[in-house]
Amino acid sequence: RLLIIDFGSQVTQLIARRLRELHVYCEIHPFNAVTPEFIRAFAPKAVILSGGPASVFAEGAPLPPREVFDLGVPVLGICYGQQAMMHMLGGKVESGHGTAEFGRAYVTPGDEKLDLLQGWFLDGREEVWMSHGDHVSRLAPGFQVYGTSPNAPFAITADPSRHFYAVQFHPEVHHTPNGRTIYHNFLKLAGFKGDWTMAGYREEATRKIREQVGNSKVICGLSGGVDSSVAAVLIHEAIGDQLTCVFVDHGLLRKGEAEQVVSMFRDHYNIPLIHADESERFLTALEGLDDPEAKRKTIGRLFIDVFQEHAREVGGAEFLAQGTLYPDVIESVSFSGGPSVTIKSHHNVGGLPEKMGLKLVEPLRELFKDEVRDLGRELGLPESFIRRHPFPGPGLAIRCPGAITREKLAILREADAVYIDQIRRHGLYDEIWQAFAAILPMRTVGVMGDGRTYDYALALRAVTSVDGMTADYYPFTHEFLSETATRIINEVRGVNRVFYDCTSKPPGTIELE
Ligand code: XMP
């Protein structure tokens with residue numbers, strides 16, 4: 001395996017992505033966690049030093065332990081990683097003063113060939129993405145230049161005899177179109193075969209779960225989403241009925257959702273499952289609440305209470321399983337810090353472990369979302385389940401702006417089902433990150449047949465997104481929109497008007513509350 005030492009670059013995760021795409025297993029660890037003992041235990045076959053916002057000559061500048069260079073394995077330094085390497089190996093780094101470079105640049109080859117650059121410079125130069133203030137001004141002994149750009153005379157440097165490589169640009173970003181080749185070559189030089197697969201992950205993960213849990217009991221909060229489901233199935237594979245899942249039905253699920261989840265776990269996988277139907281309790285607590293944060297907090301608090309009560313039935317569980325993913329995990333090495341504004345209080349089972357004195361089992365900590373989907377396939381979860389759009393913990397509550405009523409929830413469930421059916425029929429489901437209907441806190445006048453109607457208005461939302469952080473509204477055709485509006489109004493009693501939400505994120509958010 002390969003070790004990526006993180007110095008806080010915004011794009012460190014992308015390095016891991018590129019390596020995974022090349023079927024090599026790697027882990028990212030923040031520089032301050034990488035001690036000499038850690039390195040010895042990890043025994044990496046190669047090391048990558050990430051970029052980062054610091055200056056090597058600033059006081060207390062983050063540096064890797066010197067042992068990294070004594071391992072006898074290939075090391076690749078990227079941007080700040082290059083500077084750290086030069087600084088530690090006897091070169092010199094200087095501050096910007098007119099040589100800072102941000103954005104696109106072109107690198108041209110040096111005089112000699114380098115194995116790392118096989119397949120590069122085919123057109124005489126390569127487009128790369130730069131983002132640096134400081135730069136290397138004198139090479140460390142043993143290093144040579146293999147590529148330069150107008151503002152980075154040391155764009156690519158290396159000491160091939162020791163397999164030390166250092167680049168000033170970021171090969172992991174898409175703006176370095178041929179960056180993947182560099183990683184490919186580096187991995188080859190380090191002797192990786194590129195045979196890491198999800199089957200391998202599955203095996204390794206089940207072994208680790210057994211090791212961690214021993215004979216103890218584990219409980220897992222199922223939300224019906226992909227992450228917690230995959231985690232549960234994987235853990236069940238590892239420890240069988242030492243695992244019990246708790247599925248809290250808060251009465252804010254979509255049409256047929258609870259039945260689907262329960263049947264999949266009980267009938268298909270035979271996993272012990274407590275189906276806690278607590279809808280009355282949640283809906284009663286939510287009565288009259290119309291402030292979004294108040295709704296979210298009420299749901300979050302009740303969820304913890306309910307979960308805790310049912311977890312007692314399991315008796316003596318020591319561990320709580322969660323479907324935490326990689327992007328949530330990486331302790332980002334933030335140098336700027338500062339308080340950020342809470343836009344929404346996200347609901348998850350946070351707070352539970354401390355309250356209940358539970359330890360965490362998080363077998364997906366090393367995976368990205370699409371890798372979780374692959375693992376789900378590997379574990380035999382149905383494709384339709386794996387591709388499901390994300391669904392928020394507070395469920396339909398945040399798709400029902402204003403006060404929630406049972407009547408509104410019933411209308412919303414039906415309308416949402418018709419809308420999603422439309423999207424599926426038109427073959428658009430997989431193109432869309434997330435689509436749903438929301439019921440608006442207003443009634444409007446309409447005419448149906450010869451009669452007047454005074455019913456609810458509905459908003460339809462559909463967005464494309466990579467990670468949910470930003471999103472664009474989906475450009476449905478007019479035909480699709482009118483067909484869908486007609487179907488909803490004809491098929492769902494209580495709705496007489498349909499709007500389509502054309503707001504992107506930002507300035508909107510994906511959910512309405
Ligand atoms: P927003 O509305 O913040 O949503 O643009 C971004 C993504 O997060 C989902 N979401 C949640 N997921 N608990 C969750 O598990 C929550 O409280 C929550 N609120 C929003 C939302 O559906 C979208 O995918």
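V248 stands opposite A276 in β14, and that pair is a handy way into this fold, which is a predicted model. Here, local features need pLDDT of at least 70 and side-chain atom pairs count only at pLDDT 80 or more, while totals for chains, interfaces and linings use all residues. Residues are numbered from 1 along each chain as its sequence is written. Helices (H or I, at least four residues) and strands (E, at least two) are DSSP runs, numbered from the N terminus.

**The open sheet**

- V248 and A276 sit where strand β13 (residues 243–249) runs parallel to β14, joined to it by 5 bridges. Two strands count as paired if DSSP finds at least two bridges between them.
- The sheet is open and has 5 strands, in the order β14-β13-β12-β15-β16, with parallel pairing.
- Which strands stand at the edges? They are β14 (273–277) and β16 (359–361); each has a single partner strand, so one side of each is left without a neighbour in the sheet.
- From one strand to the next, the twist averages 30 degrees.
- Helix α9 (residues 292–314) packs on this sheet and touches β12 (217–222), β13, β14 and β15 (317–321). Its direction makes about 145 degrees with that of β13. Axes are lines fitted to C-alpha atoms, for helices over the stretch in contact, and angles run from 0 to 180 degrees between N-to-C directions.
- As background, strands of a sheet pair through backbone hydrogen bonds, either parallel or antiparallel.

**Two helices side by side**

- Helix α8 (residues 279–286) packs with α9 at an angle of about 150 degrees, and their axes are 10 Å apart.
- The way α8 passes α9 is a right-handed crossing. A crossing is left-handed if the near helix is turned anticlockwise from the far one by less than a right angle, and right-handed if clockwise.
- From α8 come R281, F282, A285 and L286, and they meet K295, T298, I299 and L302 in α9. Being in contact means that two residues have C-beta atoms, placed from the backbone, within 7 Å.
- The residues of that contact divide into 5 nonpolar, 1 polar and 2 charged.

**A hairpin**

- Strands β17 (residues 434–448) and β18 (residues 451–464) run antiparallel, with 12 bridges joining them.
- Along this pair, A438 stands opposite A459 in β18.
- The hairpin has 2 residues between the strands, and G449 takes a positive phi near 65 degrees.

**The annotated active site**

- The unreviewed UniProt entry puts "active site" on C79, H170 and E172. These positions use the numbering used here, feature names are shortened, and annotations may be inferred rather than shown by experiment.
- The three span 94 residues in sequence, yet no two of their C-alpha atoms are more than 11.2 Å apart, so they gather at one spot.
- H170 lies in the loop between β11 (164–167) and α4 (179–189), and E172 is in the loop between β11 and α4 too.
- Is H170 buried or exposed? H170 counts as buried, with 24 C-beta neighbours inside 10 Å. The cut-offs are 20 or more other C-beta atoms within 10 Å for buried, 12 or fewer for exposed, and in between for partly exposed, with C-beta atoms placed from the backbone.
- E172 counts as buried as well, with 26 such neighbours inside 10 Å.
- Leaving aside neighbours within four places in sequence, H170 is in contact with residues including C79, W129 and S131.
- Not counting residues up to four places away in sequence, E172 touches V11, L14, I15, R18 and G179.

**The annotated binding site**

- According to the unreviewed UniProt entry, "binding site" is at S223, G224, G225, V226, D227, S228 and S229.
- S223 is found in the loop between β12 and α6 (226–239), and G224 lies in the loop between β12 and α6.
- S223 is buried, with 21 other C-beta atoms within 10 Å. G224 counts as buried with 21 C-beta neighbours inside 10 Å.
- Leaving aside neighbours within four places in sequence, S223 is in contact with S228 and G393, while G224 is in contact with E257, V261 and F391.

Terms used: Nonpolar A, V, L, I, M, F, W, Y, C, P; charged D, E, K, R; others polar.
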